[in-house]
Amino acid sequence: AKKKELHIGGIFPINGTGGWQGGQACEPAAQMALLDVNNNKDLLSGYTLKLHWYDSECEPGRGAAVMYQLLYKDPVKVMLLAGCSTVCTTVAEAAKKWNLIVLCYGASSPALSNRQRFETLFRTHPSATVHNPTRIKLMQKFGWSRVAILQQAEEVFISTVEDLEERCKVAKIEIVTRQSFLTDPTEAVRNLKRQDARIVVGLFYVVAARRVLCEIFKQKLYGKAYVWFFIGWYEDKWYEFGLEDEGINCTKEEMRQAAEGHLTTEAVMWNQDNRTTISGMTEKDFRMRLHAELSKKGFDIDSGRLPEGYQEAPLAYDAVWALALAFNKTIEKLAEQGKKLEEFSYTNRGIRDEIYNALNTTSFLGVSGKTAFSEKGDRIALTQVEQMINGTYNLLGYYDTENLIMQWYNKEKWTSEKVPQDRTIEKTVL
Ligand SMILES: CC1(C)CO[C@@H](CC(=O)O)CN1
């Protein structure tokens, strides 16, 4: 018999210049998952999933427009996939009016962890606040109870710092100063120096990070007496790129000196062991298939020039598996009530609630690792800690923020052999 079709809408940031064009790798990854789910005989038997998608250019207005296209053109969509924090904010806030669950594979904004505003939002991309318990854990591990914060004035960093401040208070870690800047960090770095800041958490996008690094070189706020926390998802040699055309007046060597020893935290987006995941692939298998898909689209992976969203591609792949598993559970649940998933309509609150409950209890091993959601729909994720040692990032360990377990490899190195202090130690004259 012909399979019944279930339709989902997809909004991917592909073109455009502002924000994150991660749809370039995430849309192919989602298509791969659609193929795998439809070929999986244990899932959605009697149904086939269809994806209808548009480019949002990571622009909320365009995101709203393409959502409108998806909703006002047949066939009815049963769920929406979206990327980019700004687009997910717009789409997820509106989607509940159409009883649509929204699954975001590329949205890090802490503001999205809000069930009042986003009743039907789930995300396979962790919130930026996932770094904070790890930052606190590292401060406690190294005995730092006096830290400073330097941030770029962007919404995602402002709300991340608010969460970090709360956690510092609970952990009795003093924030000696919180400095923010729009584009030029000179004054903010000067204020850090005035406050004798030694342990600094830095929150900024990569272009601003280069400006900060050059500024701390010039103001000598680096070396054996200082420890900087940077974000870990910048590209590998980020501190050497673009110095000329971004007007950074430090040499590569000076940038490397300033960068020596800094720590980074980031959410783990690729499964870290070679276990077979729910799709039957290991993370390596997935990476190989993704490279093949991307080279079909003209991306030359070996040249090192990865498409935007490569890092997050597992999140898009696992988002489709999460919705397929949730649909599977919902079909069984509805059958008990003599109902069918294909009866879903934008005014059908009952089926929306069944899909919501199914997603809420979905948990599986995906190519992005263990995939499960908090009660706010946030991705539960591992974080990874690295340190820049002699110009390369060394893996120091992982932190499981759900079970509060730190896996540490004792690889950290300090220029002066001992852990830097968080303040000037007054020499006691005996
Ligand atoms: C880790 C990063 C780069 C954070 O921003 C996400 C995009 C967004 O939050 O808009 C994509 N992933």
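This is a predicted model: local features need pLDDT of at least 70, side-chain atom pairs count only at pLDDT 80 or more; totals for chains, interfaces and linings use all residues.
Colleague: What makes Cys 58 and Cys 84 a disulfide, then?

Modeller: Their sulfur atoms are 2.1 Å apart. The cut-off is 2.5 Å, so the pair qualifies. The link is left-handed, with -115° about the S-S bond. Cys 58 is in the loop between β2 and α2, and Cys 84 in the loop between β3 and α3, 26 residues apart.

Colleague: How do you know that Cys 88 and Cys 104 form a disulfide?

Modeller: Their sulfurs are 2.3 Å apart, which is within 2.5 Å, so the pair counts. With -125° about the S-S bond, this link is left-handed. Cys 88 lies in helix α3 and Cys 104 in strand β4, so parts 16 residues apart in sequence get tied together.

Colleague: Why is the disulfide of Cys 214 and Cys 250 called right-handed?

Modeller: Because the torsion about its S-S bond is about 85°. The S to S distance is 1.9 Å. Helix α7 holds Cys 214, while Cys 250 is in the loop between β9 and α8, so the pair ties together parts 36 residues apart in sequence.

Colleague: What makes Cys 26 and Cys 168 count as buried?

Modeller: Buried means under 20% relative accessible area. Cys 26 has 0% relative accessibility, so Cys 26 is buried.

Notes:
Residues are numbered from 1 along each chain as its sequence is written. Side-chain values use heavy atoms; hydrogens and water are left out. Helices (H or I, at least four residues) and strands (E, at least two) are DSSP runs, numbered from the N terminus. Buried means under 20% relative accessible area, exposed over 50%, partly exposed in between (1.4 Å probe, protein chains only).
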